[in-house]
Amino acid sequence: MGEQENNKIGGSGNDNAMAVDEAGAGAAANKGKSLGAADPRLQAISDAIRVVPHFPKPGIMFNDITELLLRPGVFRDAVDMFVERYRGMGIAAAAGIEARGFIFGPAIALAIGAKFIPLRKPKKLPGEVFSESYVLEYGMDCLEMHVGAIEPGERVVVVDDLVATGGTLSAAIRLLERAGANVAECACLIGLPKFKDFYKLNGKPVYILVESRK
């Protein structure tokens with residue numbers, strides 16, 4: 001998961017934010033994709049996310065999901081809400097971004113009858129891989145996936161725990177599309193408010209459950 005470092009106190013992240021395009025005319029169509037504050041599960045999910053200032057370094061507001069994982073009922077509700085959204089959408093694979101995308105992605109994939117594709121940091125996957133580099137605020141990073149993990153045209157949802165600037169998710173989209181995937185959507189537990197209804201990444205919708213708390 002490469003987004004936490006960009007959720008900065010008093011800042012808007014880095015130039016990766018330029019990868020986020022305002023949906024404009026598509027905003028109205030994208031409205032209503034969130035399950036909305038009326039669902040009582042959302043408040044419990046939000047309450048279970050702890051905000052830790054200045055971690056892992058000064059200026060970072062870190063959204064810690066470990067408390068949510070310690071509450072089985074809340075954890076189940078979060079997974080269920082994603083499953084309710086993606087069941088019946090013809091999703092062939094959930095692609096989880098290392099590392100926290102590995103927490104939610106496999107559970108979602110199993111529940112909807114899809115395969116799980118790990119998108120890993122360099123030199124973690126044996127055999128032939130696709131690689132996609134991307135810019136972070138203080139350097140570069142890279143995601144890799146196995147060649148043959150996806151069949152051309154298969155519908156995929158990209159899963160991570162948080163979206164801030166969108167740089168990591170955008171890299172994941174590019175990686176999957178290079179392999180021939182049809183990326184349907186990005187799914188994140190936590191996001192900045194702007195992602196909820198009005199923004200897309202690389203033209204793909206971003207679905208979040210709860211907004212990041214300052």
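Q: Which residues in the largest nonpolar core touch the most other members?
A: This is a predicted model, to be clear. The largest nonpolar core has 31 residues, and Ile45, Leu68, Tyr86, Phe104, Leu189 and Leu209 touch the most other members.

Q: Which elements supply at least two residues of this core each?
A: Those are α2 (40–47), α4, α5, β8 (155–163), β9 (182–191) and β11. The largest share comes from α4, with 7 residues.

Q: What does Leu189 touch?
A: Leaving aside residues up to four places away in sequence, Leu189 touches Ile45, Ile49, Ile65, Leu68, Ala78, Phe82, Phe104, Asp160, Asp161, Ile208, Leu209 and Val210.

Q: Switching to rings: how many aromatic pairs does the count come to?
A: The count is 5. One of them is Phe75 with Phe104, an edge-to-face pair with 5.7 Å centre to centre and 85° between the planes.

Q: Where do Phe75 and Phe104 lie?
A: Phe75 belongs to helix α4 (residues 72–86) and Phe104 to helix α5 (residues 101–112), so the pair ties together parts that are 29 residues apart in sequence.

Q: Is Phe104 buried or exposed?
A: Phe104 is buried, at a relative accessible area of 1%.

Q: What about Phe82 and Tyr207, how far apart are the ring centres?
A: They are 6.2 Å apart with the planes at 75°, so this pair is edge-to-face. Phe82 sits in helix α4 and Tyr207 in strand β11 (residues 204–211), so parts 125 residues apart in sequence are tied together. Phe82 is buried at 1%, and Tyr207 is buried at 2%.

Q: Which residues do ring pairs link into a cluster?
A: Phe82, Tyr86 and Tyr207. There's also a charge to look at: Arg85 lies over the face of Tyr207, 4.1 Å from the ring centre.

Q: Nice lead-in to charges. How many salt bridges does a search of the whole structure find?
A: It finds 13. Among them, Glu98 bridges to Arg120, with the closest N and O atoms 3.2 Å apart. Glu98 is in the loop between β4 (93–97) and α5, while Arg120 is in the loop between β5 (115–119) and β6, 22 residues apart.

Q: Is Glu98 buried or exposed?
A: Glu98 is buried, at 9% relative accessible area. Arg120 is partly exposed, at 21%.

Q: Which residue does Asp161 meet in a salt bridge?
A: Arg100, at 3.9 Å from N to O. Asp161 lies in strand β8 and Arg100 in the loop between β4 and α5, so the bridge ties together parts 61 residues apart in sequence. Asp161 is buried at 0% relative accessibility, whereas Arg100 is partly exposed at 26%.

Q: And how far apart are the closest N and O atoms of Lys115 and Glu154?
A: In that salt bridge they are 2.9 Å apart. Lys115 is in strand β5 and Glu154 in the loop between β7 and β8, so the two parts joined are 39 residues apart in sequence.

Q: Which residues do shared partners join into one network?
A: Salt bridges join Asp39, Arg41 and Glu84 that way.

Q: Last one: how many bridges join β6 to β7?
A: There are 8, between residues 129–136 and residues 139–146, and the strands run antiparallel. A hairpin joins β6 to β7 through 2 residues, and Ser133 stands opposite Cys142 in β7.

Technical notes. Residues are numbered from 1 along each chain as its sequence is written. This is a predicted model: local features need pLDDT of at least 70, side-chain atom pairs count only at pLDDT 80 or more; totals for chains, interfaces and linings use all residues. Side-chain values use heavy atoms; hydrogens and water are left out. Two strands pair if DSSP finds at least two bridges between them. Helices (H or I, at least four residues) and strands (E, at least two) are DSSP runs, numbered from the N terminus. Rings of Phe, Tyr and Trp (its six-membered ring) pair if their centres lie within 6.5 Å; planes under 30 degrees apart count as stacked, over 60 as edge-to-face and the rest as tilted. Buried means under 20% relative accessible area, exposed over 50%, partly exposed in between (1.4 Å probe, protein chains only). A charge sits over a ring if NZ of Lys or CZ of Arg is within 6 Å of the ring centre and within 35 degrees of the ring normal. A nonpolar core is a set of buried Ala, Val, Leu, Ile, Met, Phe, Trp, Tyr and Cys residues joined through side-chain atoms within 4.5 Å. Contact means heavy atoms within 4.5 Å. A salt bridge is a side-chain nitrogen of Lys or Arg within 4 Å of a carboxyl oxygen of Asp or Glu.
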